[in-house]
Amino acid sequence: MPYPTDFKYTKEHEWIKSDGKNATIGITDYAQGSLGDIVFVELPKTGSEITAGKTFGSVESVKAVSDLYAPASGTVTEINSALATAPEKINQDAHSAWLMKITLTDPGELNSLLSAADYEKFVAEEGGH
Amino acid sequence: MRYLPKSTADREAMLKAIGARSIDDLFAPIPAEYRLERDLKVPRQMAESEIVDWFRERSRENGDGHATFLGAGAYYHYRPVIIDSLISRGEFLTAYTPYQAEVSQGTLQSIFEFQTMICELTGMEVANASMYDGSTAAAEAVMMAVRLTGRRSVVIARSVHPEYREVLATYAHHQGLPLAAIPFTENGRLDLKALEQAITPETACVLIQSPNFFGTIEDVTSIAEIAHKSGAMLVVSIAEAVSLGIVEPPCQADIIAMEAQSFGVPLGFGGPYCGVIATREQFVRQMPGRLVGQTTDRNGKRGFVLTLATREQHIRREKATSNICTNQALVGLMVNIFMTIYGKVGLRELAKQNLAKTAYAAQQFGKHAKVLFSGAPRFNEFVVETSEDPYAINSRILGHKIVGGLPLEKFYPELGNASLWCCTEMTTRTAIDTAAGIVAESERSVKPSKEEVEEVAR
Amino acid sequence: MKHMTRKATRHISQNEGLIFEKSSAGKAAWKLPPLDVPEVDTSGLLGTSERKNLGNMPEVSEIEIIRHFTRLSTWNYAIDLGMYPLGSCTMKYNPRVNEVVARLDGLANAHPYQPEKISQGAMRIMKSLSDCLLEITGMDAITLQPAAGAHGELTGLLMVRAYHQSKGVPRKKILIPDSAHGTNPATAAMVGYAVENLKSNAAGMVDVAALEAQMNEDVAALMLTNPNTLGVFEQDIHKIADLMHAKGGLLYMDGANMNALVGKVRPGDFGVDLMHLNLHKTFSTPHGGGGPGSGPVAIKKILEPFLPTPVVITKSDGTLAFEYNWPQTVGRVRAFYGNFGMFVRALAYILANGPDGLRQTTEDAVLNANYIRKGLEGVYDLPYTTPSMHEVVFSDKLQAKKGVKTMDLAKRLIDYGFHPYTTAFPLIVPGALMIEPTESESKEEMDLFIESMKSIAEEVEEDPQTVLDAPHNTRVSRLDEVAAARKPVLRWKPAI
């Protein structure tokens with residue numbers, strides 16, 4: 001699956017799409033593939049602060065839980081409520097099943113993240129193991 | 001040794017197949033300095049008949065054939081015989097935890113029925129597949145409320161079982177959770193004014209027991225109002241499960257932590273018993289312990305599986321809701337069968353008999369001694385205050401092969417010569433009359449000498 | 001089935017619905033004797049606290065209950081039917097004399113608060129069991145209070161914390177090998193410790209150099225399982241214990257794998273400061289579908305002041321008593337004294353064995369595991385070649401090439417009449433097959449097991465789909481765990 005070029009990516013397999021002020025965050029197709037069928041997503045409340053690199057929630061499959069790491073710092077403005085009843089949307093289309101929207105504290109943080117091409121390379125190396 | 005299915009020839013053949021000269025080769029990894037070269041100093045191997053004799057002696061030394069007025073968190077009820085017939089089946093007794101659902105549907109379906117019936121009885125929406133006992137269930141329920149509210153202090157009624165409070169203190173201590181204890185009033189119920197004053201915005205939950213340690217039924221509605229208005233949760237502990245047959249369950253609770261021992265589990269000198277946590281659906285992901293869920297297999301057939309396992313230690317490890325792994329499954333099965341036997345009508349009739357026996361006993365005792373906490377309804381326990389030290393009275397009662405009520409001084413020193421008496425459907429009128437008679441005698445003999453002393457003082 | 005198996009065949013079993021589906025008003029399985037005291041006016045006594053309705057509680061007859069649970073029981077696998085090769089579970093024979101003695105009236109109907117004068121029998125059982133367990137473990141004192149292994153770990157770590165606090169420095173961390181059972185880190189977190197992972201070396205054992213690097217005065221204890229979850233005895237145990245003690249730390253041993261040690265070596269002799277035992281593993285008390293267990297904690301003298309109360313003591317007149325006055329106790333971890341019913345059973349097991357039986361049991365357990373290892377070497381990948389004690393860990397590496405994983409192999413094993421081994425644990429072996437036969441298995445049963453595992457390996461080569469679609473011969477197959485987790489249905493509800 002091609003990785004959208006207007007997204008930035010982390011090595012923990014999150015994506016972030018931003019307009020400079022606000023951003024939308026999700027997990028990548030690779031992530032949903034390794035997790036398997038997702039049964040539950042734990043997200044922060046709107047209004048809470050998240051810090052780049054720190055965990056902000058988790059994603060569960062039947063047999064495993066994976067922490068979610070913030071790609072950037074900011075304040076949560078909206079969470080995707082559809083995922084509460086249909087977490088499988090992430091498996092179906094991880095790049096449109098966004099998890100949450102935030103206002104960015106420091107848009108500069110995105111500069112150190114991976115581009116779609118770099119992320120694809122990173123994933124190819126990981127997958128080879 | 002008769003449990004080992006191997007002949008000398010088998011062992012030799014196996015060693016040969018492995019390529020070992022003797023069994024010692026296989027223990028070579030143990031450094032020589034530690035290898036035991038002597039026999040363990042444990043009693044010599046006994047024949048089965050000797051084992052039975054040895055334990056029979058212990059049983060005799062343990063007061064078999066005594067009637068009892070003891071309650072206080074462990075209750076003597078009749079155990080229908082089919083409970084043991086069924087749980088003794090090897091397929092239940094010697095089965096493993098149902099992680100492999102295809103070969104554990106018997107265990108899984110029974111647990112699903114258990115969870116359902118606990119919900120019906122407690123008025124809650126979900127129930128787990130058992131905790132160790134009522135005391136640890138209460139402690140874990142409080143921890144659950146702390147996680148759910150994000151608040152760090154706990155308010156607890158003094159009328160909760162003293163040993164339950166001790167266990168909570170142990171669990172809470174290292175987590176740095178302050179516990180505030182609220183007194184009871186002269187009617188035996190939680191002091192609502194004191195409760196109001198003790199609750200702060202940092203209070204995660206209020207823990208009460210109903211019927212409480214004294215057998216008194218708490219005013220759950222008022223307590224719930226006070227707790228909820230401050231954003232605290234209400235955790236209710238139930239130690240006498242039979243009460244659920246005739247006493248309205250605490251539906252206003254957020255979490256109920258039960259001890260189900262009364263439902264077909266032998267007294268057994270304190271364990272194994274059967275704790276359960278029941279709560280509302282919205283809290284289920286913070287609930288500890290195993291959960292069984294219904295699902296379908298690949299052919300669309302109904303079946304059952306352990307579910308929401310991501311809460312548990314084997315997946316979450318240090319982030320688990322609890323460290324619990326082994327629970328009380330077989331004991332839970334006893335409870336399940338008991339609830340099924342008595343059912344909708346029987347549980348109510350059973351509870352009514354408990355109520356009647358206790359009401360009669362309280363009345364008889366009340367003729368001569370003081371029955372405390374009579375200002376509020378009670379279930380099957382009551383507190384009696386005697387002039388004489390209850391230990392002395394009890395040793396006389398013991399002479400009739402009857403165990404008297406629990407002296408309360410060690411738990412509630414302010415109650416002086418009070419003792420806690422329990423009557424179940426197993427308590428006979430004869431036993432009640434005998435015990436009440438001895439208490440009456442005690443009061444009669446003490447009062448004249450008290451009056452004499454007062455005369456002399458004047 | 002493509003390959004013949006001599007262990008199991010398909011067999012007719014009875015269908016049975018939920019008990020609620022059989023319920024109807026007027027059926028009853030109970031009868032109470034008439035009251036010998038006056039009837040009461042319930043509403044008068046209870047007022048608004050009176051419960052009028054027990055909702056959807058069932059109403060069924062006795063025979064329906066007997067058939068219901070009997071039919072359900074036939075859907076279970078059990079030790080009584082055959083081997084459970086589950087690693088670290090020690091699924092051994094549950095002797096029936098244990099069940100008989102546990103039901104003797106004076107023991108089964110003893111109230112925990114009855115006077116000590118008429119509790120000497122129960123207390124004598126507790127003392128005798130304690131003495132035997134102390135001799136077996138080589139430790140100085142013991143508490144029988146914890147209800148299960150995890151509960152024992154909790155109790156142990158509470159005592160570790162109390163010990164360090166008494167020395168003035170509480171310390172913050174617990175070291176746990178990456179091969180450890182999940183209860184270890186979960187417990188450490190519950191007690192408020194930070195968990196630090198200790199990597200295993202190439203042989204799957206504790207990396208002593210790594211331990212030396214990570215051990216400092218901030219580490220309270222190391223939680224070790226020995227033999228470890230690979231079934232391998234930690235040969236550097238002395239160095240490990242010394243390293244811990246040199247920096248004032250304690251060595252905690254998870255006793256889940258004691259079945260490899262009883263009568264052959266004692267943890268107290270090789271430097272362990274405290275450990276828990278699993279009576280429902282090593283000491284034959286029944287698993288009962290998931291419990292009850294019992295997790296006594298045995299300790300060295302330095303930890304004695306911190307024991308949970310009450311402690312069983314012998315008075316000057318020779319009688320036994322419960323001592324509550326223990327100034328530095330960690331407190332109680334549960335009401336009453338512990339899972340007494342399990343003490344009776346474990347003691348009966350020890351008495352049935354005696355010193356020679358216990359030693360022979362351990363030898364047979366280790367012999368059996370090695371026999372299976374030899375039988376399956378080459379058929380399945382053996383990630384670590386270190387000698388096995390009572391359990392052996394293979395991996396699905398060879399079969400994974402054909403897209404078949406450990407869970408698939410396990411499900412196919414069911415068709416051959418065995419319960420699966422432990423899949424996917426320990427975490428340090430990807431695709432693990434963890435096998436512990438215990439001493440209760442005959443050569444015949446193990447030959448059948450080896451044959452079955454070989455047959456499955458052949459099937460993976462010739463017809464992998466059969467394995468991937470297994471089990472084929474059970475009442476239900478491959479239950480939808482995803483749906484169960486996404487939309488949990490945790491109770492029956494009446495049709496509206």
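A residue is called buried if 20 or more other C-beta atoms lie within 10 Å of its own, exposed if 12 or fewer do, and partly exposed in between, the C-beta atoms being placed from the backbone. The model shown is predicted, so that local features need pLDDT of at least 70 and side-chain atom pairs count only at pLDDT 80 or more, while totals for chains, interfaces and linings use all residues. Residues are numbered from 1 along each chain as its sequence is written, and chains are lettered from A and ligands numbered from 1 in the order in which they are written.

**View 1. Helix H12 of chain C, residues 406-415, is mostly covered.** Helices (H or I, at least four residues) and strands (E, at least two) are DSSP runs numbered from the N terminus. Nine of the 10 residues of H12(C) are buried, among them C:Asp408, C:Lys411, C:Arg412 and C:Asp415. The cover over the buried residues includes helix H11 (397-400), strands S11 (422-423) and S12 (432-435), and helices H13 (443-462) and H14 (464-468) of chain C, where a contact requires C-beta atoms, placed from the backbone, to lie within 7 Å. After H12(C) comes C:Gly417, with a positive phi near 95 degrees.

**View 2. Helices H5 (residues 120-137) and H10 (residues 340-376) of chain C pack with their axes 9 Å apart.** The angle is about 55 degrees, which makes H5(C) oblique to H10(C). Axes are lines fitted to C-alpha atoms, for helices over the stretch in contact, and angles run from 0 to 180 degrees between N-to-C directions; those under 35 degrees count as roughly parallel, over 145 as roughly antiparallel, 65 to 115 as roughly perpendicular and the rest as oblique. The residues of this contact comprise 11 nonpolar, one polar and no charged, including C:Ile125 and C:Leu129 of H5(C) and C:Phe343 and C:Leu347 of H10(C). Here Ala, Val, Leu, Ile, Met, Phe, Trp, Tyr, Cys and Pro count as nonpolar, Asp, Glu, Lys and Arg as charged, and the others, Gly among them, as polar.

**View 3. Seven strands of chain C form an open sheet with mixed pairing, in the order S1-S7-S6-S5-S4-S2-S3.** Two strands pair if DSSP finds at least two bridges between them. The edges are S1 (141-143) and S3 (194-198), each of which pairs on one side only, and the twist averages 25 degrees from one strand to the next. Strands S5 (residues 250-254) and S6 (residues 274-276) of chain C are parallel and share three bridges, with C:Asp254 opposite C:His276. Helix H7 (residues 183-190) of chain C lies across S2 (173-177), S3, S4 (219-225) and S5, running at about 175 degrees to S2(C).

**View 4. C:Ser88 and C:Phe336 have positive phi values without being glycine.** For C:Ser88, in the loop between helices H2 (62-73) and H3 (96-102) of chain C, phi is near 60 degrees. C:Phe336, in the loop between strand S9 (320-323) and H10 of chain C, has a phi of about 65 degrees and is buried, with 23 other C-beta atoms within 10 Å.

Note on methods: Two residues are in contact if their C-beta atoms, placed from the backbone, lie within 7 Å.
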